[in-house]
Amino acid sequence: MSGHFLCRLDDIPDGEARGFDPLRSGQDTVLAIRRGRTLHLYRDACPHHGTTPMAWRKDAYLNAQRDRIVCSAHGAQFDIETGTCILGPCLGQSLTALPFTLNDRGEIHLTTDTNLETLP
Ligand code: FES
């Protein structure tokens, strides 16, 4: 299997978000949100301030309604489907989507064209 193994789909509860540290840097650099069999992967870096991590504690990426991604630093809110900021200081800017594959065994891999070294 090509690409960098991230986790299994079942490792992310339906409707929730999880952070990952594929570089083992000691800080999550990838965030994943699952809705059923649909998955969204983004760099864990707020466009308001380049490399600012989004969560104030492990895996705290979503608002209370679980319908938006929230940056804990200054409260920017992002559409889950597109990663676009729809409220807050970086309005109109977007999270960086990461390409991935989900195979029939439920394994999620970052694709090989994802340059892990450029992750925040
Ligand atoms: S760093 Fe995310 S809203 Fe300011």
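Let me begin with the largest nonpolar core of this predicted model. A nonpolar core here is a set of buried Ala, Val, Leu, Ile, Met, Phe, Trp, Tyr and Cys residues joined through C-beta atoms within 7 Å. A residue counts as buried if 20 or more other C-beta atoms lie within 10 Å of its own, as exposed if 12 or fewer do, and as partly exposed in between, with C-beta atoms placed from the backbone. This core holds 25 residues, and those touching the most other members are Ala-17, Val-30, Leu-31, Ala-32, Met-54, Tyr-61 and Ile-69. At least two core residues come from each of β2 (17–20), β3 (30–35), β4 (38–43), β5 (68–70) and β9 (107–110). The most are given by β3, with four residues. Helices (H or I, at least four residues) and strands (E, at least two) are DSSP runs, numbered from the N terminus.

On the numbering, residues are counted from 1 along each chain as its sequence is written. As the model is predicted, local features need pLDDT of at least 70 and side-chain atom pairs count only at pLDDT 80 or more, while totals for chains, interfaces and linings use all residues.

Consider Tyr-61 next. Beyond its neighbours within four places in sequence, Tyr-61 is in contact (C-beta atoms, placed from the backbone, within 7 Å) with Ala-17, Gly-19, Leu-31, Met-54, Ala-55, Ile-69 and Val-70.

I turn to the sheet. Three strands form an open sheet in the order β2-β3-β4, with antiparallel pairing; two strands pair if DSSP finds at least two bridges between them. The edges are taken by β2 and β4, each with a single partner strand, so one side of each has no neighbour in the sheet. Six bridges join β3 to β4, and Arg-34 stands opposite Leu-39 in β4.

Phe-100 deserves a separate remark. It lies in strand β8 (residues 100–102) and is partly exposed, with 18 other C-beta atoms within 10 Å. Not counting residues up to four places away in sequence, Phe-100 touches Leu-41, Ile-108, His-109, Leu-110 and Thr-111. The C-alpha atoms of Phe-100 and Leu-110 are separated by 4.3 Å, although these residues are ten apart along the chain.

Finally, the chain as a whole. It has zero helices and nine strands. Buried residues account for 28% of its 120 residues. Of the contacts between residues at least 6 apart in sequence, 43% join residues at least 24 apart. Along its principal axes, the C-alpha trace spans about 40 × 30 × 25 Å.

Notes
Contact = placed C-beta atoms within 7 Å.
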